[in-house]
Amino acid sequence: MELNKIENILEKYFQGETSIAEENELRDYFSSSNVAQHLEQYQPIFSYFSQVKQQKSTHELENLDQTDKAIPLQTKKQNVGWLSIAASVIVLLGIGTYFYTSEKTTTPVVAQSELGTYDNPEKAFAETQKALALLSNNVNVGIESVQYIKEYEQSKNKIFKQ
């Protein structure tokens with residue numbers, strides 16, 4: 001009967017539903033020498049808890065004996081204020097360096113009236129015709145591609161309608 005009770009408590013333990021008294025009962029059972037053979041696999045778990053508890057209590061006793069000899073530890077204070085100021089200075093220096101270097105690398109701005117102007121109207125007309133011809137050629141290439149797409153759509157419709 002006790003074995004069934006231990007198995008039920010063990011099931012409840014792994015589901016997280018045991019009380020302190022039931023956990024103490026499991027610890028007592030697994031620390032004894034008459035553990036059922038099929039439950040021996042759980043014995044290291046509960047023996048570990050017992051060992052840790054004993055180590056903790058002996059460690060506390062040793063610390064109580066040494067309270068007269070204990071050296072007070074000084075905590076290290078962090079200067080968060082100085083750290084935030086230093087971070088701000090670094091960010092400002094980075095931004096300043098970026099603007100200083102980008103200002104030197106930019107090309108001077110040419111006046112808007114100087115862009116695309118010609119003194120000779122015939123030359124301006126010839127350049128305009130060149131630009132429009134280039135644009136027309138590129139548009140025609142695009143239109144030819146659309147014709148291929150239309151042809152593909154028509155053949156696809158013929159195949160899938162049958």
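**Salt bridges and a helix face**

Visitor: What makes the contact between the side chains of E25 and K5 a salt bridge?
Guide: The N to O distance is 3.2 Å, and a salt bridge is a side-chain nitrogen of Lys or Arg within 4 Å of a carboxyl oxygen of Asp or Glu, so the pair qualifies. E25 lies in helix α2 (residues 20-31) and K5 in helix α1, so this bridge ties together parts that are 20 residues apart in sequence. Helices here are DSSP runs of H or I with at least four residues, numbered from the N terminus.

Before we go on, this is a predicted model: local features need pLDDT of at least 70, side-chain atom pairs count only at pLDDT 80 or more, and totals for chains, interfaces and linings use all residues. Residues are numbered from 1 along each chain as its sequence is written, and side-chain values use heavy atoms, with hydrogens and water left out.

Visitor: Why is E25 called partly exposed?
Guide: Its relative accessible area is 27%. Buried means under 20%, exposed over 50%, and partly exposed in between (1.4 Å probe, protein chains only), so E25 sits in the middle class. K5, at 44%, counts as partly exposed too.

Visitor: How do you know that K12 forms a salt bridge with E22?
Guide: Their closest N and O atoms are 2.8 Å apart, so they pass the distance rule. K12 is in helix α1 and E22 in helix α2, ten residues apart. K12 is partly exposed at 29%, whereas E22, at 18%, counts as buried.

Visitor: What about E153 and K156?
Guide: Their side chains meet at 3.7 Å, N to O, in a salt bridge. Both lie in helix α5 (residues 121-161), three residues apart, about one turn of the helix. By this rule the model's count comes to four salt bridges.

Visitor: How do you know that the length of helix α1 agrees with its residue count?
Guide: The expected span is 1.5 Å times one less than the number of residues. For the 14 residues of α1 (residues 2-15) that gives 20 Å, and the end C-alpha atoms are 20 Å apart, which agrees.

How values were computed:
Helix = DSSP H or I, 4+ residues; strand = E, 2+ residues; numbered from the N terminus.
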